[in-house]
Amino acid sequence: MNDMVVQIITRILIPFIEVFAVYVIFHGHISPGGSFSGGAILGASFVLATLVFGTARFNRKFGHMVSQLVESVGGSWYILVGLFGILAGANFLTNKLAGFGMGRPGYLFSAGAIPVITIGLGLKVGSTMVTLFHGLIEEEENHGDH
Amino acid sequence: MLHLPVLAVVISLLGAYLIPLIYHFRRNLASVVAVGISGLALCFSAATAVYVSRYGAFSYLLGMWSIPWGIEVYVDRMSAFMMLVISSITFLVMLYAMEDVRHELTEAPRKWYWTLNLLLLASMMGVVMAGDLFNLFVFVEISSIAACGTISVKGDRRAVEATFRYLVLSTLGSGALLLSIALLYMVTGNLNMTYISGEIQKAAFLYPKNLYAALTFMVVGFGVKSALFPLHSWLPDAHSAAPAPSSAVLSGLVVKIYIFALFQVLSRVFGPVIAGIPVETVVLLMATMAVVLGSVLAMGQKELKRMLAYSTVAQVGYVFMGLALGADRAVAGGMMHILTHALMKSSLFLAAGSVLYKTGKKNITDLAGLGPRMPVTMGVFSLAAASMIGVPLLGGFVSKWYLALGATDAGKSFYALIIIVSSFLTALYFLPPVISAFFGKQPDDSVGKGIDEAPAVMLVPMVILSIALLGVGLFPSLVLGLLGYRG
Amino acid sequence: MRGRLALLLVLFIGYALILTVAEMPLFGEPGNPADNMVSHRYLESSVQDTGAVNVVAAIILDYRAYDTLGEATVLFTAISATTAAIVAAKSRGQKT
Amino acid sequence: MGIIDILYDNFHYLVACLLFLIGFHTMLTHSNLIKKIMGMNIMDTAVFLLFISSGFVRGGKAPIVGPGTEGPYVNPIPSALILTGIVIAVSITAFALSLIVTLYKQYGTLDADKIAELRTKER
């Protein structure tokens with residue numbers, strides 16, 4: 001899409017969308033939202049960028065390897081946090097009894113493992129949206145293999 | 001020690017997450033890691049089975065939350081048995097697949113094949129040990145999508161089309177399942193199976209129609225996914241279009257996981273109220289139709305893998321029959337048939353796969369004269385076919401024997417008759433390929449030249465499966481002891 | 001023919017569902033079966049138990065975190081299956 | 001209380017059931033693959049609607065229990081479960097759409113009947 005108005009407005013808008021996504025992800029345990037909603041917003045910003053600037057230009061900045069990495073690390077991160085519970089002598093995916101600090105309820109640094117998981121999961125969901133979208137649209141363009 | 005069942009699931013999930021990364025750095029390592037992780041899961045399941053048979057059933061609380069609030073994983077003898085079956089068959093099939101996918105899949109999607117297989121393994125084990133209805137639903141969904149993925153990974157249009165129909169139908173099933181869970185939650189206010197069954201008596205008094213609806217949707221949902229007779233239309237295409245190792249896992253395991261889950265739910269959730277509802281009669285009727293008509297339909301098939309897929313429809317009927325009859329020996333027979341059918345059907349599919357690997361032929365008539373050229377493959381095939389028919393001293397005979405005994409125990413000797421009749425039908429479609437393989441003549445000798453045995457990495461799993469089949473036939477008390485049945 | 005059969009089936013299911021709805025617990029009534037000790041405990045003590053003010057977050061990431069692990073895995077499965085299907089079909093298309 | 005009154009009180013559930021039937025009917029009768037997927041999604045949404053309305057409590061607020069807010073709150077469990085349900089529906093839709101894309105490339109049509117015809121000819 002080679003429309004200057006759209007491109008410029010997108011350039012202005014994307015940082016705001018991403019900051020909002022990060023806000024929603026980080027505040028999942030004290031306000032409505034969380035990893036899945038925030039991740040979807042994050043993914044939406046990348047989808048917007050792809051739509052406006054085209055896949056080729058987008059891939060140069062955010063290749064398949066990056067999204068693959070985020071994907072795998074995000075999922076493994078969840079499991080590792082869960083396994084920490086076993087290491088601490090409790091069961092899988094234990095939060096408070098495994099010794100995660102509770103903090104003051106209602107503040108950003110609270111709720112122990114919840115925000116720790118949320119961050120990994122939010123990034124993972126964001127990259128999932130991107131991968132799914134790209135998987136569907138790159139079918140149409142024959143730009144070699146990847 | 002109690003962590004083991006959950007760790008078996010989690011380690012497979014971790015492996016699935018890491019395989020794409022490993023593949024990126026070392027291509028050849030991915031398959032080795034996948035097989036190694038499934039072997040590790042097998043060790044964990046075996047340890048769990050030993051623990052359960054020694055100290056009895058136990059429940060594990062995820063996150064240390066006591067049960068109506070947290071998620072419970074409940075492992076009794078049956079779940080431990082199922083875990084053992086799932087992980088051992090998957091391990092052997094994945095060993096076979098290390099060589100087979102080189103031939104059957106293109107290079108690009110190969111890493112995803114391993115990922116999907118590990119996800120399937122993890123989710124199947126999650127299903128059999130779930131103690132919470134919604135957790136069960138989540139794992140059922142993972143296994144549905146992963147099962148579809150292992151078919152469409154082949155990428156030809158037949159496989160994609162079959163996958164699409166499988167996906168749509170199984171989504172219909174999961175919609176019914178979720179609706180059922182919603183109705184149950186509405187009237188009982190719980191998701192834990194034990195707690196629902198504690199509330200269900202009151203709910204049956206206040207809201208009987210809701211419970212009937214929930215029960216119907218539950219049976220339909222799991223019925224679609226496990227190909228209960230009138231809902232089986234997706235199975236032959238999906239299982240015959242898949243790559244051979246996937247067919248082995250799909251036919252041998254995936255279908256039966258849902259049967260097991262259905263009966264877990266029926267006994268553990270609806271247990272107190274099920275006596276007044278004729279659900280078992282309906283299931284028995286459908287199972288009978290499956291056993292007879294599945295065999296009849298299998299006779300009309302020209303393609304080997306399609307014939308095997310139709311035979312799965314019939315064999316699924318046996319498992320349903322055993323579990324629905326309800327007598328002790330019938331249930332033991334049904335559970336045993338899950339194991340023996342998994343062994344037989346996966347060795348049959350793997351044998352068909354190695355014929356395909358060597359000759360590229362997939363019709364039943366193409367087997368003619370292959371016996372002397374591929375003795376091990378066709379030997380495995382014949383042994384499994386004989387067991388399928390019910391030749392004594394083989395695994396299939398023992399499970400059918402217990403099913404028939406259980407039918408008489410339950411006072412329904414009619415079903416014992418059905419089992420015998422269906423054995424004859426099975427013989428009618430399994431004997432011709434075996435006979436023509438060993439005694440038939442290759443019609444055109446130039447075609448058969450240069451065809452010899454498949455590579456060792458493919459043969460070893462098949463031989464192990466056959467030995468296991470013989471072992472189950474000779475020492476059925478081992479399996480029955482694992483199930484906690486003494487008779 | 002197929003359309004009529006489908007309509008018949010749908011009407012039958014619809015009739016059964018309406019009968020079911022007529023018997024369901026009343027919408028929004030406090031004291032319904034679903035409004036029991038399980039949800040009350042979540043609402044009352046999620047702050048002490050998990051430190052999270054948002055009860056839904058406390059449920060999905062602490063009380064029922066195993067489900068959410070499954071949920072994340074469903075997404076990952078979907079990606080694997082999607083990518084595998086597309087890549088496989090593409091490479092088949094190039095080969096033949 | 002008569003049956004009509006209960007149905008009127010429970011009209012949220014009734015609408016959910018209606019949506020379920022619409023989705024089911026769409027899935028059964030339309031041969032266009034995309035429409036089938038749409039029907040599937042409508043069906044899933046109907047189930048979500050039913051499940052989530054079962055958690056409503058009259059006068060209830062969103063279950064965020066900070067200091068200074070007080071109840072009644074709606075039941076948080078259905079909300080938490082449906083979050084999972086939605087993600088599952090999204091995953092299945094994405095996979096189904098990718099299959100449709102490949103099917104269209106391989107068969108050149110989106111009509112299920114035509115695809116079935118081509119498939120039986122092949123065999």
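**Helix H2 of chain D and the spaces around it**

Author: Helix H2 of chain D covers residues 11–29, 19 residues in total, and spans 27 Å from its first C-alpha to its last, close to the 27 Å expected at 1.5 Å a residue. The expected span is 1.5 Å times one less than the number of residues, and helices (H or I, at least four residues) and strands (E, at least two) are DSSP runs numbered from the N terminus. The model is predicted, with local features requiring pLDDT of at least 70 and side-chain atom pairs counting only at pLDDT 80 or more, while totals for chains, interfaces and linings use all residues. Residues are numbered from 1 along each chain as its sequence is written, chains are lettered from A and ligands numbered from 1 in the order in which they are written, and side-chain values use heavy atoms, without hydrogens or water.

The buried residues of H2(D) are Tyr13(D), Ala16(D), Cys17(D), Phe20(D), Leu21(D), Gly23(D), Phe24(D), Thr26(D) and Met27(D). Here buried means under 20% relative accessible area, exposed over 50%, and partly exposed in between (1.4 Å probe, protein chains only). These buried residues pack against H6 of chain B, helix H1 (2–21) of chain C and H3 of chain D; contact means heavy atoms within 4.5 Å.

On a 1 Å grid over the protein atoms alone, a pocket is an open set of points with protein on both sides within 12 Å along at least five of seven lines, a cavity is a set where a 1.4 Å probe fits but cannot get out, and lining residues have an atom within 4 Å of a point. Points are joined across faces, edges and corners, and volume is the space filled by probe spheres set on them.

At least two lining residues of the largest pocket come from each of H6, H8 and helix H11 (279–299) of chain B, H1 of chain C, and H2, H3 and helix H5 (112–122) of chain D. The most come from H8(B), which supplies nine. The pocket lining comprises 37 nonpolar, six polar and seven charged residues, where Ala, Val, Leu, Ile, Met, Phe, Trp, Tyr, Cys and Pro count as nonpolar, Asp, Glu, Lys and Arg as charged, and the others, Gly among them, as polar.

Lys225(B) belongs to H8 (residues 208–225) of chain B. Lys225(B) counts as buried because its relative accessible area is 1%. Its contacts, leaving aside residues up to four places away in sequence, include Glu141(B), Ser174(B) and Trp234(B).

Glu141(B) and Ser174(B) also line the largest cavity, as do Asp44(D) and Phe48(D), among others. Two or more lining residues come from each of helix H5 (133–152) and helix H6 (157–188) of chain B, and helix H3 (33–53) and helix H4 (76–107) of chain D. The largest cavity contains about 80 Å³ of space, and its lining has six nonpolar, four polar and two charged residues. The structure has ten cavities of 30 Å³ or more.
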